[in-house]
Amino acid sequence: MKSKLINIFAGIFILLAFVQCGDSVTPILEPELGQEQNLGQPQLLAPENGSKESTSLTFEWSKVDQATSYQIQLSTTEDFSSPIVDGTADSTSFKVTALPGDTTVFWKVRPLLQNEEGPWSETSMFNTAAEAENSEPVTTSLQSPKDGATKVPTNAKLQWTTVATASAYNLQLATDQNFSSIVVEEEVQEAAFQTTEVSTQTTYYWRVKPVVENEETAWSDTFSFETGTKAAGSVVLTSPENEATDQPTKVTLKWEEESSIDVYQVQLATDKAFASPIVDEMISDPSYEVADLKNSQTYYWRVQVAADENNENWSAIYEFTTEGAAVSTPPPTTSAEGIVTASNGDFMLNGEVFRFAGTNAYYLPTYQKINDTFVTNTLEAFEEAGVKVIRIWGFYDGAPQYGNDITIQPKPGQYNEQALRYLDQVIAKGKEHGIRFVVALINYWHELGGMPQYNEWDGNAGGGMKHFINDPDTQRWFKDYVKMLLNRTNTVTGVKYKNSSAIFSWEIMNEGRMPNGTPQQLRDWYQEMAQYIKSIDPNHMVTTGEEGFGSAITADYSVGQYANTYPLRAELGTSYTLNTSIPEIDYGGAHWYPSNWGYAGRSTSELIAAQRAWITDLSNIAEKVGKPFVLGEYGYVGWGDNTQLQVYKDMWETAEKIELDGSLIWQLTIDHVKCYEYGGNICWPSGRQDAELYNAFKAHIEAMSNSK
């Protein structure tokens, strides 16, 4: 679920995890994974709601404390299904040119803090004036660096105003104003470009021309700037290289020596803000040795010329992770028995029908490092409740997003053995408690890296799903990761993942969709990936991991039962019907979040009617092609109130009545952890102590387990 449901329930919660120690409760100082940053909601200032505007204008909004940038979207539809502008701004204003004339435009803004997203503003709308006849060619305005700027870093970011109708921009950078000596000539997708090929103390000229289909465009005005002596951050770090892993606990930090410099200041810390540095020294040599570092710890370091008293010229911040402590590997066991399969519309285990009601617990592998006792207690609580299947993330791509060294794949093809061991340990513990795992292999969203991280590695951060599934590099990296994980031998059990009975199924992608593509394109990619997975692991089931959206309202749906038909016609480039019919997909899967799919303002009776129809319709669609159906995520924000109890009880009664094959709530939690991450969670035995809700859920788990 996107942002661990943060974007679904945009509250402001900073969580503490607790562990019981005798009669006292001691806070764990590690940050809560998936917690929401304290980002407020911006207020839209200009243009005014309902106003009449020109086709070129500047958008303004209020400042949000702690925000480092903002995301702005413009769309001609109120649901923003196909934004005409999706950009970022470092300030509280954003200029757009060449909007379509005589059109109603909707817009919204949300704050960003590193990898965290704050709540969207309220949506505002305005109407553009009719396009003037014989209008001037479409162009853009250069913004940064300002014309005539000096001492510009050699890695400066060039920025210009967004043209709403542009599919790309042509950029030219030259050492003469006639552009006869061009240094950079690129077509870029966004209204920004990071310079990397410019010299120091040199004057450059640059201009930009939008690329707009069937319209004449023109070059912008030409700006010039003069570079300074260095890139931003004067000292260049060399070793360990950025994001290095498995480093010894005694390491030498090195950087390029600066001529005529007598003293450097070097800092090393476990937090990127350097609030409490472990090392803060003044030295004369371009290196510094530090020993007695902790195992499996991420460290951040930086250097500056000590004479810079204002701390304005630090180097870039590098990070590295130390090697894990030695872990003994038990002798291998040999058992691939007890693997759940799908046959004739049912799940089968050892010749008997297998049905289940379980929970999502995506966070367990990351918590294995933070507090392995909590993981053990959680799995014990799940066993006590009767849970047989849980769903977790089997990925963590890119740099750590929450300050913990739990990244599995820091770079393409580079795998963190210690992080993989945390996953090993969770699966081994789950097996001891009779639990099987639905393992998602990648995220559509940016949380823990996901598809956006692969695109960023490939130099196309805004490429979306279309780029990801069509680019040879991103597909090779993802398949390499899948191959590595499926062939991995669990260091606790000694059993390869592809042979483990603790694996229930592989999920290709969490909530995959392709708004700028077609359902057929996404369907074909799902089939390709399912075939690839099965070529490595023919033992386990494979499912898509999708939300279940339709691309059109068809006879498959009980249309009259839906007070809002958004889930049936979401137009997000995906089709549950198409995807479930893929031969290599073993069972249909979907999610259900009525508060976000058009039922937030509906009556409880309308919501429940749609809920019954959704579960039944999707189950029937899967049954038509001889496959089981699992509700892979579902939740209703209620904070344990009577309406939530009513919605959930009806959900469970419906599931039992139609003999649903499986469902996984978002989510059952314990001991204060994750209780308030999303209002649909059931917290037991500690936390909110939702006794009535928990007991009803436990009875449902038992009923599903006994339904054969």
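**Figure 1. Strand E35, helix H7 and strand E36 make a right-handed β-α-β unit.** The model shown here and in the other views is predicted. Strand E35 covers residues 503–507 and helix H7 covers residues 519–536. Strand E36, residues 541–543, is joined to E35 by three bridges, and the two strands run parallel.

Figure 2. Phe-437 stands opposite Ile-503 in E35. Strand E35 is mostly covered, with five of its five residues buried. Strands of a sheet pair through backbone hydrogen bonds, either parallel or antiparallel.

**Figure 3. Helix H6 spans residues 472–487.** Helix H6 has 16 residues and reaches 22 Å from its first C-alpha to its last, close to the 22 Å expected at 1.5 Å a residue. At the start of H6, a side-chain oxygen of Asp-471 comes to within 2.9 Å of the backbone nitrogen of Asp-473.

**Figure 4. Other elements cover the buried residues of helix H6.** The buried residues of H6 include Trp-477, Phe-478, Tyr-481, Val-482, Leu-485 and Leu-486, and also Thr-474, Gln-475 and Lys-479. An α-helix has 3.6 residues a turn, so residues three or four places apart point the same way. The cover over the buried residues of H6 includes helix H3 (417–432), helix H4 (450–457) and helix H5 (464–470), together with strand E35 and helix H7.

**Figure 5. Leu-485 is among the residues with the most contacts inside the largest nonpolar core.** This core has 112 residues, and others with the most contacts inside it include Ile-390, Met-465, Phe-468 and Trp-652. Helix H9 (residues 604–624) gives the most to this core, with nine residues. Leaving out residues up to four places away in sequence, Leu-485 touches Gly-394, Leu-420, Leu-423, Leu-441, Tyr-497 and Trp-506. In soluble globular proteins, nonpolar side chains tend to be buried together.

**Figure 6. Three strands form an open sheet in the order E29-E30-E31.** The pairing in this sheet is antiparallel. Strand E29 (341–343) and strand E31 (352–353) stand at the edges with a single partner strand each, so one side of each is left without a neighbour in the sheet. Three bridges join E29 to strand E30, residues 346–349. Ser-343 stands opposite Asp-346 in E30.

Conventions. Residues numbered from 1 in each chain as written. Predicted model: local features only at pLDDT ≥ 70, side-chain atom pairs only at ≥ 80, totals over all residues. Heavy atoms only, no water. Helix = DSSP H or I, 4+ residues; strand = E, 2+ residues; numbered from the N terminus. Expected span 1.5 Å × (residues − 1). Buried < 20%, exposed > 50% of the residue type's maximum accessible area, 1.4 Å probe, protein only. Contact = heavy atoms within 4.5 Å. Polar contact = N/O pair within 3.5 Å; in protein donor to acceptor, adjacent residues only side chain to side chain. Pairing = 2+ DSSP bridges. Core = buried A, V, L, I, M, F, W, Y, C linked by side-chain atoms within 4.5 Å. Right-handed = clockwise from strand over helix to strand, strands pointing away.
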